[in-house]
Amino acid sequence: MTDKTTQPRVLIFDTTLRDGEQSPGATMTHAEKLEIAALLDDMGVDIIEAGFPIASEGDFAAVRDIARQAKTSVICGLARANFKDIDRCWEAVKHARRPRIHTFIGTSPLHRAIPNLDMDQMAERIHDTVTHARNLCDNIQWSPMDATRTEHDYLCRVVEIAIRAGASTINIPDTVGYTVPRESAALIAMLLNRVPGADTVTFATHCHNDLGMATANALAAVEAGARQIECTINGLGERAGNTALEEVVMALKVRNDIMPFRTGVDSTKIMNISRKVATVSGFAVQFNKAIVGKNAFAHESGIHQDGMLKNAETFEIMRPTDIGLSETNLVMGKHSGRAALRSKLRELGFELADNQLADVFVRFKALADAKKEVYDDDLIALMQDSGTSEKHDTLQVKRLRVVCGTEGPREAELTLTIEGVDHSIDATGDGPVDAAFNAVKMLYPNRAQLQLYQVSAVTEGTDAQATVTVRLEEDGRISTGQSADTDTVVASVKAYVNALNRLIVRRTKSAPGSDVKSVNYRDAS
Ligand code: KIV
Ligand code: ZN
């Protein structure tokens, strides 16, 4: 048996709340960000990048409040290479027991052209901004954005400047997901060999998944000497996303024989946070996603099932319980009591206070009435749905009745509670969902365009619950809503209303197009 405690430690830096949230439509509320940060802290993530404080008042408040609540994790905020960004970042992270400022500038030829700085001017800017940050905080991370497309000589020069100016972590981003594993490893090895002082700092790897190699690139960088992996839950992030936390953590655990590194992450907490991030971001996890996908541990074929029954290791390289999945799929029904529900939910990773349990129990009974057998996935969908229907939302679905079939117009009668007052209307449409959405639009006129409408069955059978995801776009603002119900039309309307409620919150948070994250992100000045 290998003694893992003597193995080199790889720090896990989670950026779900910054790079992940930057993904169009993945906007999370303040309360959701705090909840996710608490889960990350609790599962042993070393550094949480909580947001980009200068981007908006909301981002600032989230980073500040996460900093205040953090128990063990280092809390990091992002700042471009200017004093204003860095000061604002410090104002937010300084409340943490262990604060960090992460400042960056694009160093590749394409990125240098944006602020119109030549190589020397940019080098000076890096020196000045890292020095300024270091005067505020003793834990500084610096990133040359688009490092994988930066000339090696220049990269070595600027990394050395950042180290001399006081950065203790140097992050090497593959911003556009361009590199491949052997190049990712060679880049870290080159920097460790050539840059004076490289042995005094921690090198980090930050990979994007545009070519589907983010996890492989991150692990290759670690083998070459990087000791911090930047990643997000479910691989959430712009375009094809970032390195997935669950993939690198489990790869280092399962293949510890050839990658002898340890992390501080408790892998049994992975499934719970994965579900939470999927719910609040509105980005459902694809069924065949490694580690956390619904099918990751499902064995459909006869040969596999037979092998599994004889010896699980025949077809499984890790146990479901390693990531916090329960092994039993105990069926619950309308006779199951409160204690059984609490224990089942605890097993699935949901810890509820008494008043929350009372609320969920009522909804569970309604579900058990509609559907004889309630499976684990039904309970998870029910919990995810309770996470999205807030009592203080502007719009709430009170009553819905639809008429559909082969004849006559499809009609919907809808009552919406809008800011506490009930409003009712009848509407028609091409089908029941169209009629119901038209009714919402008539009661709450809005310019939001439907970008995505997606339905998936939670379990098998015609009485299965449907999970519906709706994505809306209005003046460049994107919001996503989700809901689950045994009635697909009800789930659809609730998901639509949920997305509208999120859009309403976004409207009050930012003027159209004022989001620094989307329009100004690459501007370093
Ligand atoms: O991908 C990237 O380059 C980034 C930097 C801000 C670190 O996210
Ligand atoms: Zn990134």
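Here are some worked exercises on the structure shown above.

This is a predicted model, in which local features need pLDDT of at least 70, side-chain atom pairs count only at pLDDT 80 or more, and totals for chains, interfaces and linings use all residues. Residues are numbered from 1 along each chain as its sequence is written, chains are lettered from A and ligands numbered from 1 in the order in which they are written, and side-chain values use heavy atoms, with hydrogens and water left out.

**Exercise 1. Describe the overall build of the chain.**

Step 1: Begin with the secondary structure. The chain holds 18 helices and 14 strands. Both are DSSP runs numbered from the N terminus: helices are H or I with at least four residues, strands are E with at least two.

Step 2: Along the principal axes, the C-alpha atoms fill roughly 75 × 60 × 40 Å.

Step 3: Look at burial. Of the 525 residues, 54% are buried. Buried means under 20% relative accessible area, exposed means over 50%, and partly exposed lies in between (1.4 Å probe, protein chains only).

**Exercise 2. Work out how strand β4 is placed.**

Step 1: Find the strand and its cover. β4 spans residues 99-106, and eight of its eight residues are buried.

Step 2: Sort the side chains. Pro99, Ile101, Thr103 and Ile105 point one way, while Arg100, His102, Phe104 and Gly106 point the other way.

Step 3: Find a neighbour. Strand β3 (residues 74-80) runs parallel to β4 and is joined to it by six bridges; strands pair if DSSP finds at least two bridges between them. Ile75 stands opposite Pro99.

**Exercise 3. Which residues form one aromatic cluster, and how do their rings meet?**

Step 1: Recall the rule. Rings of Phe, Tyr and Trp (its six-membered ring) pair if their centres lie within 6.5 Å; planes under 30 degrees apart count as stacked, over 60 as edge-to-face and the rest as tilted. By this rule there are three aromatic pairs.

Step 2: Take one pair. Phe437 and Tyr453 are edge-to-face, at 6.0 Å centre to centre with 85 degrees between the planes. Phe437 belongs to helix α16 (residues 432-443) and Tyr453 to strand β12 (residues 449-457), 16 residues apart.

Step 3: Take another. The ring centres of Phe437 and Tyr496 are 4.3 Å apart and the planes are at 20 degrees, so this pair is stacked. Tyr496 sits in helix α17 (residues 488-509), 59 residues from Phe437.

Step 4: Check the cover. Phe437 is buried at 6% relative accessible area, Tyr496 is buried at 2%, and Tyr453 is partly exposed at 33%.

Solution: Phe437, Tyr453 and Tyr496 form the cluster.
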